[in-house]
Amino acid sequence: MKSVRESTNRVLKYQAKNGCGITVLVVSLISLVSMAASAGDVTVATASLGSTSAENSLLAVRSMELSGAVIGHVNVRNNNVFDLDDPEENKALYRIANKIHATTRQDVIAQQLLFSPGERFSLQSLEESERLLRANRYIQDASVRPILGQDGAVDIEVETTDVWTLMPKLAFSRSGGSNKATIGIKEMNLLGTGIAVELARKTDVDRDSTTIKLVDRHLLGSWYSLGVLYADNSDGHKQFFQLEKPFYSLNSKSSGGVSFLDNDQVESFYDKGIRQSEFRHESRQSEALLGWSHGLVEGFSRRVTVGLAQDQHTFSAFENSDLPTGVLPLDRQLLYPFIGFEILEDDYEKASNINQIGRTEDRFLGTRLGARFGVAASGAGSDRNALIIDASAQTGFGSSEKNSLLLAAALGARVEDSGVQNLSLDASAKYFRRQSKKRLLYIGFNGSYGRNLDLDQFFEMGGDSGLRGYPLRYQSGDKRAILTVEQRYFTDWYPMHLFRVGGAVFFDVGQVWGDQPGSSSQAGLLRDVGFGLRISGDRSGLGRMVHIDVAIPLDGDQEIDDFQFLISTKKSF
């Protein structure tokens with residue numbers, strides 16, 4: 001898409017000027033399923049303009065945009081979960097599912113479009129509207145196509161496909177030698193309104209929890225978002241409320257909102273995957289903000305945000321816990337105004353078979369810079385004088401058709417009278433090399449550096465956080481580095497038209513070192529190798545991918561199991 005757009009811009013400018021190794025381990029596993037590619041749609045759908053060339057059709061669209069064409073009719077068509085015109089899906093069970101399922105209402109889809117009849121036609125608004133629609137977990141895919149209408153107007157055809165959104169939550173996962181289970185029910189598109197509700201009972205190594213959750217991202221047909229959560233936990237509770245109007249598009253001119261979080265829970269210090277001590281952590285965080293922007297100008301959105309934030313944390317020794325002297329985190333109470341800045345580039349591409357299997361992926365390859373500064377004063381609601389700094393940056397290179405590289409960095413710190421506290425610097429790099437339509441090499445690196453970290457903010461690493469062959473939270477410290485090399489396989493195997501299947505072989509190497517709260521042991525560099533299956537529920541609104549992995553540790557002490565069998569659900573490959 002990007003190369004087509006660049007070549008089109010060059011043509012338009014000319015016209016304006018002139019008047020016109022490890023892979024073998026998994027071969028036996030992957031050979032059990034079809035290895036055909038799952039190629040996705042990677043160009044703007046403009047075939048309705050009648051051109052046989054994607055570049056020529058995009059050129060025609062650009063020409064209409066430059067000529068000042070306006071939008072005529074906007075037609076919205078929403079498809080049910082299963083396509084009954086497909087013999088493979090015209091089955092009794094799927095017909096029943098379609099009848100039970102409440103399809104997304106047309107007004108819910110239309111409200112998310114960034115254009116209206118009578119407005120000047122803009123290809124950018126079509127592309128971004130398509131991305132916004134696909135970001136909904138109740139929509140499998142979306143297309144927004146321009147069609148040359150009468151009297152030079154441009155009609156827009158919007159087509160979406162629903163997924164099944166009423167989901168009994170019966171989940172089990174295992175990572176780092178520990179189990180996690182969930183039972184409940186979740187509806188992500190209540191009566192076709194886009195409202196999500198959830199009731200669930202969850203059990204993991206930290207706590208048992210009963211959770212009620214409601215999310216409405218388009219409150220009363222607006223761009224305001226409402227989120228409410230209440231959790232009754234075995235070790236405390238969690239309450240969350242948020243009402244906000246975000247910068248929902250690159251052309252958004254304003255934002256604002258309020259949020260509140262009240263959390264009471266027991267946390268632990270670990271050493272080599274074994275809980276050493278516990279403490280109670282009570283936190284209360286709230287925020288109110290307003291933001292302004294001039295919208296998208298010359299390919300960039302520039303935004304300013306101001307607000308007031310409260311960040312309060314109280315710690316106490318947990319009953320019957322042998323907490324070493326000096327390792328209980330210190331209380332923090334901060335109340336401060338802040339100002340934030342953000343620059344966001346309009347540079348996206350559509351891809352397939354990168355982090356998902358056979359689904360359209362919207363990848364950000366542009367540059368984003370953000371920074372936020374707050375000032376807390378002792379005696380003005382805070383227990384100290386501090387400058388609170390949060391900054392982040394990311395950028396991308398290449399394209400999904402060949403090679404791509406994503407870079408990101410983040411910085412957080414408090415500058416107090418005693419010096420810099422809770423300094424955390426994170427950097428990551430993700431490299432993707434397209435080997436064929438069904439094979440992709442992924443190399444990822446993440447590094448973190450901490451200095452004078454709050455004791456509840458130390459880094460951890462284990463089977464649940466990157467080193468798949470080791471117990472969870474096996475290492476902790478104030479410095480961390482991990483490298484993952486993963487050979488990914490994508491197939492066309494589509495069992496019952498419900499699941500997409502892929503596979504991977506991987507190698508992880510990493511270490512956490514430096515100061516460790518409550519422990520002085522150092523396990524050194526850790527490595528593991530393994531292989532696994534990836535199963536994506538193509539018709540499910542959960543938007544999750546099941547990982548079934550076998551990981552073999554190559555280092556560590558003798559008490560570690562010879563291999564780890566992991567079952568987990570994640571957002572991507």
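**Burial, salt bridges and surface patches in the predicted chain**

Gly118 is placed in the loop that runs between α5 (106-111) and α6, where helices (H or I, at least four residues) and strands (E, at least two) are DSSP runs numbered from the N terminus. With a relative accessible area of 57%, Gly118 is exposed, the classes being buried for under 20% relative accessible area, exposed for over 50% and partly exposed in between (1.4 Å probe, protein chains only). Gly118 and Ala153, which are 35 residues apart in sequence, have C-alpha atoms 8.9 Å apart in space. Residues are numbered from 1 along each chain as its sequence is written, and side-chain values use heavy atoms, with hydrogens and water left out.

The chain contains six helices and 27 strands, and 45% of its 573 residues count as buried.

Helix α6 (residues 123-134) comprises 12 residues and reaches 17 Å from its first C-alpha to its last, close to the 16 Å expected at 1.5 Å a residue, the expected span being 1.5 Å times one less than the number of residues in the helix. Because 12 of the 12 residues of α6 are buried, the helix is largely enclosed by the rest of the structure. The buried residues of α6 include the charged side chains Glu127, Glu128, Glu130, Arg131 and Arg134, Lys and Arg being counted as positive and Asp and Glu as negative, with His and the chain ends not counted. Arg134 forms a salt bridge with Asp141, in which the closest N and O atoms are 3.4 Å apart. In this pair Arg134 counts as buried at 11% relative accessibility, whereas Asp141, at 26%, counts as partly exposed.

The count of salt bridges (a side-chain nitrogen of Lys or Arg within 4 Å of a carboxyl oxygen of Asp or Glu) comes to 36. In one of these, the side chains of Arg468 and Glu486 meet at 3.3 Å, N to O. Arg468 lies in the loop between β21 (459-461) and β22 (475-477) and Glu486 in strand β23 (residues 479-490), so the pair ties together parts that are 18 residues apart in sequence. Both partners count as buried, Arg468 at 9% relative accessibility and Glu486 at 3%. A further salt bridge is formed by Asp538 with Arg500, the closest N and O atoms being 3.9 Å apart. This pair links distant parts of the chain, with Asp538 in the loop between β25 (526-537) and β26 (545-553) and Arg500 in strand β24 (residues 499-513), 38 residues apart. Asp538 is buried, with a relative accessible area of 2%, and Arg500 is likewise buried, with 15%. Salt bridges that share partners also join Arg332, Asp383, Arg384, Arg414, Glu416, Asp454 and Asp456 into one network.

Arg473, with a phi of about 50°, is in the loop between β21 and β22 and counts as buried at 16% relative accessibility. Met496, with a phi of about 55°, is in the loop between β23 and β24 and, at 55% relative accessibility, counts as exposed.

Surface patches are made of residues with over 30% relative accessible area and no salt bridge, like charges being joined within 9 Å and nonpolar side chains (Val, Leu, Ile, Met, Phe, Trp, Tyr) within 5 Å. Val304, Ile339, Phe341, Phe373, Val375, Leu387, Val415 and Val420 make a nonpolar patch of about 580 Å². The elements that give two or more residues to this patch are β13 (332-345) and β16 (368-376). Val304 itself lies in strand β12 (residues 300-317) and counts as partly exposed at 31% relative accessibility. A patch of positive charge is gathered on the surface from Arg137, Lys180, Lys202, Lys213, Arg217, Lys238, Arg544 and Lys571, the place of a charge being taken as NZ of Lys, CZ of Arg, CG of Asp or CD of Glu. Lys571 is found in the segment after β27 (564-570) and, at 60% relative accessibility, counts as exposed.

Technical notes
This is a predicted model: local features need pLDDT of at least 70, side-chain atom pairs count only at pLDDT 80 or more; totals for chains, interfaces and linings use all residues. Accessible areas come from the Shrake-Rupley method with a 1.4 Å probe; for residues, only the protein chains shown count as cover.
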